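The tour makes two stops.

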Amino acid sequence: MARIACIMVADFSIAALVRSNPALADKVLAIGNSLAPHAELDAVSNRAREHGIRPGMTIAQARAISSDLIVVHRSPAAESSAHSALLDAAESVSPVIESGAPGCAWVDLAGLHRIYNGEEEITAELLRCVRRVGMEPAAGVAANKEIAHLAARCGGLRVIEAGREREFLNWLPLDMLGLGKSDRGDDLETTLARWGMRRLGELARLNPDAVGTRLGRRGVELVRLARGGSHAPLVPRRRAEFFVETVELEYGIELLEPLGFVMRAMLERLVERLSLRGMVAGDITLAFGMSGHRSFNRQVAVAAPSNDVRAILTLINLSLEASPPEAAVESIRIEIAPRVPRPAQTDMFLPAAPAPDKLQTTIARLSALCGPGNVGMLSAENSHRPEATRLDAFSPPAPPPIPENAPAKNVTQLVIRAIRPAREIEVMCSREIPEFVRGENLGARVISIAGPWRRDGEWWLGCIEDTDTHSDSSDKTNPALKHGLELHDGRMFGAHPRQVSAENLKALSALTPVPSPTPHLNSANGNGARAEMNGANKCGFIRDYYELALEDGGVYRVYRDANSHKWFLDGTYD
């Protein structure tokens, strides 16, 4: 048999306001459609009820009872955020929930008995999760949605055991149903009172056909409910793709410091909701409603998803300081895209990794200080250039694959220590063979040599020697533009090399002087000559790599750039 729990927050409009502004928790608070003295109160807080203030009183009557009364308008934005938080809290316990009226949700308890010991423990966990998001709920458990809702309206924690629904319903007063009006416009509660009906047990003894003749379809449903026979199906809601908090301010905020104070409280509520769902905060979208019916939207990238409020707020403040809103902010909407946290389990044969939450917090703080685009992990780019790298999001390295029945290796492999950027050096050559190397903290004769190995590529993205770098890029007489190529910051961008036509190759040849294949050698001494730059640049790169063993005992990797004829130290072997 299905078991369903109902989570309900009493006086939800009041609870939503207190959640968005905790300073109102202990105040004599009421909600009215108008602040005029003759306006009636729609809802009052528990503190106001203790003073004798009830809904339906006018503001003047309520102030005569308590001068500390605070009357505010209803906040649809706060209620929407609070209801979403209620659903997130319920979904942290069960994956199948249904959203009801504001402040009400139903939870399917099927399968949860494998995790919790009994329905009381499940319901207690639901109440604890809802309290974490800033609301005080009541819960009821029964065989169907309607009876669970009635049990929750009784307050506290109430579990109706299977088969004892009629015993619970018999003594339940009709005013707990909130009947309202019938299909004919009559007040159902008043009509039933004229019939002498005060409790559901009395209504259950009536003939459904006779009640339907007088009260319509709603009357038949009431009799079925009184007999415990209503079984409306549970309609699960879709999982939330974004977490949103919205606040409507009483007055506009022009300075970033008080704006950050308000956003900090919103971020704390969002982070609590994310933590309940086992998520971390990803990219953030800000939407401000400003004075003059203007809007302000901003996307804040988060390099390392984290639930550290201080780091997230720092990222937002840096973004707003760079380009602040142009007018006073009257409403704030923060939307966070959830991300899955990095798992804590690592490989048994790798060094111990830092805790995922601490690592993500550290990366988030570094991103706040240096910028989201300046923190990450360097990865090899898909290029022939060994130094080509890109910046990716940081993630622990995966363990190397170990093939089965792999023979043990007793040969120690050399490890190269790359030098970035490559350091320019001088190489003395004899008959184009390196014989002596000189540079910063380096100077020795070559005793062994391997190479050269030529590497070239990216000729379609290389630099061009342009005599007039300030010329108008829209000049149609430019051969590069004429053949579909684009010049930007001294670089030529065209199509992929497979798509470059012969005409474009001719344009490249016309624009790029090809250096002489024989380098210009200047005699440095009697043992060799040194290559020098001839002033011509070719698109892309052409390099000759060597591995040199010097008299100082070091083994180095060097290369000669065929465009500039310069030598560079690329790395050392340890």
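**Stop one: the sheet**

Select Gly-32 and find Leu-41 in strand 3 standing opposite. This is a predicted model: local features need pLDDT of at least 70, side-chain atom pairs count only at pLDDT 80 or more, and totals for chains, interfaces and linings use all residues. Residues are numbered from 1 along each chain as its sequence is written, and side-chain values use heavy atoms, without hydrogens and water.

Now show strand 2 (residues 29–32) with strand 3: they pair in the antiparallel sense over three bridges. Pairing requires at least two DSSP bridges between two strands. Helices (H or I, at least four residues) and strands (E, at least two) are DSSP runs, numbered from the N terminus.

Widen the view to the open sheet: three strands, order 3-2-4, mixed pairing. Strand 3 (41–44) and strand 4 (70–72) stand at the edges with a single partner strand each, so one side of each has no neighbour in the sheet. From one strand to the next, the twist averages 30°. Angles run from 0 to 180 degrees between N-to-C directions, with axes fitted to C-alpha atoms, for helices over the stretch in contact.

**Stop two: helix 11**

Select residues 217–226, helix 11. Gly-219, Leu-222, Val-223, Leu-225 and Ala-226 are buried here (under 20% relative accessible area; exposed is over 50%, partly exposed in between; 1.4 Å probe, protein chains only). Why one side? They cover an arc of only 160° around the axis, which puts them on the same side of helix 11. The arc is taken from the directions from the helix axis to the C-beta atoms. On the other side, Arg-217 and Arg-224 are exposed.
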